[in-house]
Amino acid sequence: MSRHGAPIPMTARKGGPLQGAAHVPGDKSISHRALILGALSVGETRITGLLEGQDVLDTARAMRAFGAEVTDHGGGEWSVHGVGVGGFTEPDQVIDCGNSGTGVRLIMGAMATSPVVATFTGDASLTARPMGRVTEPLALFGAQAVGRAGGRLPMTIVGAADPVPVRYAVPVPSAQVKSAVLLAGLNAPGETVVIEAEATRDHTERMLAGFGAELSVQDTEDGRVITLTGQPELTPQAIAVPRDPSSAAFPVCAALLVEGSDVLVPNIGLNPTRAGLFYTLQEMGADLTFENSREEGGEPVADLRARFSPNMTGVAVPPERAASMIDEYPVLSVVAAFAKGKTEMRGVRELRVKECDRIDAMAQGLRAAGVIVEDGADWWIVHGRGPGDVPGGVTVQSRLDHRIAMAFLVMGLATQRPMRVDDCGPIGTSFPIFEGLMTGLGAGLTRSN
Ligand code: S3P
């Protein structure tokens, strides 16, 4: 079920070609960070193109609860009057982060080195996800956490009154953990050092530098070493949020699979720590090009053009690419089902602790739709059936996971028989205009009972 109200089942069926321009919403990762860093600055940060999905709206509400003035000016324009590093006030209510792992983990980091207490919760998906990966490093700063068994929400964090800086090697490839430690380090005196063996999305580092923090990044034998000098005064910024590559993935993949399609997806952020899917699709033989490549607001941006690609072949996705496409494996597995030969995805243990166990959710739905899938703890293999040869004709579960819902709807646009998804409500967390955007391109999506 979606968070507010009854499930929204939808059906996707084969139809004519997809054509036109797909203007996807702002980047979710950058939107969360813009609100949080705005709240930690002194003065007014202006944001354009903010993603107005439920996850980000929950973060906006949380920033208000910690004392920032957050205003929606309409049309994706927002402003944040920040309280400064260390200036958070104590919320008088529980902070409900809904479905958002990014929201809760980053906010826990941002408050953990201030002398305030806050209790966090979320929906049935978020309260099942591990928070120990964040509370362990936050304890090194002096923060205390009390939660449910297994480090689950609801959880109370007692911020450190006298925080100490930390040197921390992140044990799992996670931008959320890295970011939580850096945000906590903001209010610790001295240098906080974060080491990540595998590079994950670097928006926090880029944006911290943009807000005026003293931060350096070195590539060493142990990985990326990020050094942040604590207690800076962050300067408010004007932030233009680029459009989300993780949302662009859905119209792009749909265009590759639906006969006769030709879709342009303009202004997509192509930060190398996010763009792994597009390179993988090109390796599979997708007719996918980057047009008008340029730089905007410190991030590489291009227009993506995707055309029907009936001759795609399976590939072995390099495990070292996993972090740069971690949210795109569900829709990649759908493309793989329509390619010839097998697609191997390894080094992806993290998929098991996303909004749901994404390997299991996709494997079960793909199998029900007639596709052979093998899986293990940190790998899975999809045996492609080739274009036009995937049966479909089943109802699958979205498990409170927006990307699972969208991946199966994309699938249903090319299967022999329609695909029905039991609840598409979660799509609103990251891509609230998905239904209208896709039907506008010509996709056969309908609400169903
Ligand atoms: C995100 C990091 C990733 C990603 C999530 C957004 C972020 O999670 O899956 O959708 O904005 O930092 P992990 O840090 O758990 O890999």
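**Close-up 1. The side chains of Glu344 and Arg346 make a polar contact of 3.0 Å.** A polar contact here is a pair of N or O atoms within 3.5 Å; within protein, one must be able to donate a hydrogen and the other to accept it, and residues adjacent in sequence count only if both atoms are side-chain atoms. This is a predicted model, in which local features need pLDDT of at least 70 and side-chain atom pairs count only at pLDDT 80 or more, while totals for chains, interfaces and linings use all residues. Residues are numbered from 1 along each chain as its sequence is written, and side-chain values use heavy atoms, with hydrogens and water left out. Glu344 sits in strand β19 (residues 340-346); helices (H or I, at least four residues) and strands (E, at least two) are DSSP runs, numbered from the N terminus. Leaving aside neighbours within four places in sequence, Glu344 is in contact (heavy atoms within 4.5 Å) with Val315, Ala316, Val317, Trp380 and Ile381.

**Close-up 2. Asn292 and Asp303 are joined through their side chains by a polar contact of 3.4 Å.** Asn292 belongs to strand β16. Beyond the neighbours within four places in sequence, Asn292 is in contact with Val301, Ala302 and Asp303. If you are coming from the previous view, note that Asn292 and Arg346 are 33 Å apart, C-alpha to C-alpha, and 54 residues apart in sequence.

**Close-up 3. Tyr279 and Phe290 form an edge-to-face aromatic pair.** Their ring centres are 5.8 Å apart, with 75° between the planes. Rings of Phe, Tyr and Trp (its six-membered ring) pair if their centres lie within 6.5 Å; planes under 30 degrees apart count as stacked, over 60 as edge-to-face and the rest as tilted. Tyr279 lies in helix α8 (residues 276-283) and Phe290 in strand β16 (residues 287-296), so the pair ties together parts that are eleven residues apart in sequence. The structure holds four aromatic pairs.

**Close-up 4. Asp27 and Arg274 meet in a salt bridge through their side chains (2.9 Å, N to O).** A salt bridge is a side-chain nitrogen of Lys or Arg within 4 Å of a carboxyl oxygen of Asp or Glu. This pair links distant parts of the chain, 247 residues apart: Asp27 is in the loop between β2 (19-21) and α1 (28-39), and Arg274 is in the loop between β15 (262-269) and α8. The structure holds 33 salt bridges.

**Close-up 5. Domain 1 and domain 2 bury about 1,200 Å² between them.** The bounds, from an automatic or database domain assignment, are 10-26 + 243-447 for domain 1 and 28-162 + 179-187 for domain 2. The C-alpha centres of the two domains lie 29 Å apart, and the contact takes 16 residues from domain 1 and 17 residues from domain 2. Buried area is the accessible area (1.4 Å probe) that two parts lose on being put together, summed over both; here 49% of it is on carbon and sulfur atoms. Glu355, Leu400 and Thr429 supply 39% of the area that domain 1 buries against domain 2, more than any other three residues.

**Close-up 6. Glu355 and Arg129 form a salt bridge between their side chains (3.8 Å, N to O).** Between domain 1 and domain 2 there are two salt bridges and ten residue pairs in polar contact (both at pLDDT 80 or more).

**Close-up 7. The peptide bond from Leu153 to Pro154 is cis, with omega near -5°.** Pro154 lies in strand β9 (residues 152-158). Phi of Arg399 is near 50°, a positive value in a residue other than glycine.
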